[in-house]
Amino acid sequence: MAQEVVVLGGGVGGTVVANQLARAVAGQIDAGEVRLTQISASAHHVYQPLYLYMAFDQANPAEGRRPQASLLDPHVGLITASAERVDREQRDVVLAGGRRVHYDYLVLATGSRPAPEQVPGLQEGGHWFYTEEGALRLRDALLAFTGGRVVLVVGVPHKCPVAPLEFTFMLDEWLRGRGLRDQTELTYTYPIGRLHSLEPVARWAEPVMAQRGIRTETFFNVERVDPQARTVVGAEGTTLPYDLLVAIPPHSGQKVILDSGIGDKGGWVPTDRHTLQMVGDDHIYVCGDTTNLPISKAGSTAHFEADVIAANLASRLQGGHGSARYDGKVVCFIETGLSKATYVAFDYENPPQPKEPSALLHHMKLAYNRMYWLTSAGVL
Ligand SMILES: Cc1cc2nc3c(=O)[nH]c(=O)nc-3n(C[C@H](O)[C@H](O)[C@H](O)COP(=O)(O)OP(=O)(O)OC[C@H]3O[C@@H](n4cnc5c(N)ncnc54)[C@H](O)[C@@H]3O)c2cc1C
């Protein structure tokens, strides 16, 4: 009987795992010894980093979307369906409607979900660029903006930890370009006592904010929004008035994780930081935003983790031990405006060191946005 590998999730992590594993065990799949299936709730793959550009009317939704089937190696079977539950006793994934898909090895790569509903008043009073609809709504609000108070608030946890900085720096330049910066008070808030969770990034960002006249407010954990009064209230007691409120909503894990009883209370799956196996289950690997690892929830994280998971699954399917280890590697470009960017690369042992921003790094980020389709499909 074929060994069954199921990859749950067709985003960054799930797609890279499936394609790399397909190539590594193609012979076994052709011989009927291994079957590789991906289950994904959506028939489309979405490249989420483009939402940032959509908010500034610099990208449109069609550029960020491709049919999932077009990205997968022909050795991967795709089931487009929403999973409701993982039955670890039977080793089945239970789909909406009751169909069961059996696994010998399962990769959980269901990602994370922005949860603006966790902050009272935010859905009525705020904007965000963490969903396609949200980015388009924010784009319209920005195009109609004529000056006033813009406040950015950051919920935790959230994916793409550098996005709040990128949005703020891009907005600063965008407002200057439209002649609106002098009429705008721009305030960047952050939940802890510095400007970013990564300390070297916080140190780097501080003078940049000061040079650009961006107000900062640390220890601001957004508690509630009053859409009528147009104020946002932090848990620490500060109240900030706004004309335009932009939020990075807090995120949670997916419902399927919570309903399967395999996540913590936020819906994140306890994961070994090196092997990427689910703690206490040798048959399950966890990839990308789905883990509970205290590292950046980012596409690059998902990609580097996927390399390790695919290598270990290929090894185990071929009688090996699967001993490759993830070292915490993350690489992120950070837009510092509309025409320059910096980047950081770090891992469990080596902290990030932002480089001098340059036009070249900005163009590299834009180039990666296009190359993404080739890297996820495994062409590059
Ligand atoms: C505005 C923005 C900007 C960003 N910029 C960057 C950046 O510059 N660099 C970077 O590295 N990262 C960036 N990210 C983060 C990056 O997009 C995510 O961290 C990455 O997509 C996580 O990959 P993943 O595979 O864990 O989850 P995802 O890519 O979100 O994929 C999850 C998959 O699971 C599927 N799924 C979910 N629930 C179910 C279910 N019940 N049944 C079946 N399928 C299910 C979904 O349909 C989806 O296919 C950005 C994100 C945003 C929103």
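# Loops, helix pairs and salt bridges

Reader: Where is D57 found?

Author: D57 sits in the loop between α3 (50-55) and β4. Helices and strands here are DSSP runs, H or I of at least four residues for helices and E of at least two for strands, numbered from the N terminus.

Reader: What kind of model is this?

Author: This is a predicted model, in which local features need pLDDT of at least 70 and side-chain atom pairs count only at pLDDT 80 or more, while totals for chains, interfaces and linings use all residues. Residues are numbered from 1 along each chain as its sequence is written, and side-chain values use heavy atoms, with hydrogens and water left out.

Reader: Back to D57. What is its phi?

Author: Phi of D57 is near 60°, a positive value in a residue other than glycine. Most residues other than glycine have a negative phi, and most peptide bonds are trans.

Reader: Which accessibility class does D57 fall in?

Author: D57 counts as partly exposed, because its relative accessibility is 46%. Buried means under 20% relative accessible area, exposed means over 50%, and partly exposed lies in between (1.4 Å probe, protein chains only).

Reader: Peptide bonds next. Is the one from V156 to P157 cis or trans?

Author: The bond from V156 to P157 is cis, with omega near -5°. P157 lies in the loop between β11 (148-154) and α7.

Reader: Since α7 came up, how do α7 and α8 pack?

Author: Helix α7 (residues 163-177) packs on helix α8 (residues 199-211) at an angle of about 15°, and their axes are 12 Å apart. That makes α7 roughly parallel to α8. Angles under 35 degrees count as roughly parallel, over 145 as roughly antiparallel, 65 to 115 as roughly perpendicular, and the rest as oblique. The axes are lines fitted to C-alpha atoms, for helices over the stretch in contact, and angles run from 0 to 180 degrees between N-to-C directions.

Reader: Which residues of α7 and α8 meet?

Author: From α7, L165, T168 and F169 meet V201, W204, A205, V208 and M209 of α8. Contact means heavy atoms within 4.5 Å. The residues of the contact of α7 with α8 are seven nonpolar, one polar and no charged. Ala, Val, Leu, Ile, Met, Phe, Trp, Tyr, Cys and Pro count as nonpolar, Asp, Glu, Lys and Arg as charged, and the others, Gly among them, as polar.

Reader: What about α1 and α10, left-handed or right-handed?

Author: The crossing of α1 and α10 is right-handed, whereas that of α7 and α8 is left-handed. A crossing is left-handed if the near helix is turned anticlockwise from the far one by less than a right angle, and right-handed if clockwise. Helix α1 (residues 12-24) and helix α10 (residues 299-317) make an angle of about 30°, with axes 8 Å apart. Their contact residues divide into twelve nonpolar, four polar and one charged.

Reader: Change of topic. How many salt bridges does the structure hold?

Author: The structure holds 19 salt bridges, each defined as a side-chain nitrogen of Lys or Arg within 4 Å of a carboxyl oxygen of Asp or Glu. One of them pairs R35 with E4 at 2.6 Å, N to O. R35 lies in strand β2 (residues 34-40) and E4 in strand β1 (residues 3-8), so the pair ties together parts 31 residues apart in sequence.

Reader: Is E4 buried or exposed?

Author: E4 is buried, at 12% relative accessibility, while R35 is partly exposed at 49%.

Reader: What does R212 pair with?

Author: R212 forms a salt bridge with D172, and the closest N and O atoms are 3.7 Å apart. R212 lies in the loop between α8 and β13 (215-217) and D172 in helix α7, so the pair ties together parts that are 40 residues apart in sequence. Both R212 and D172 are buried. Salt bridges that share partners join D172, R176, R181 and R212 into one network.

Reader: Last one, H75. What does H75 contact, neighbours within four places in sequence aside?

Author: H75 is in contact with A22, A26, I29, D30 and L36. H75 and I29 are 46 residues apart in sequence and 6.9 Å apart in space, C-alpha to C-alpha. H75 is in the loop between α4 (68-71) and β5 (77-80), and counts as partly exposed at 23% relative accessibility.
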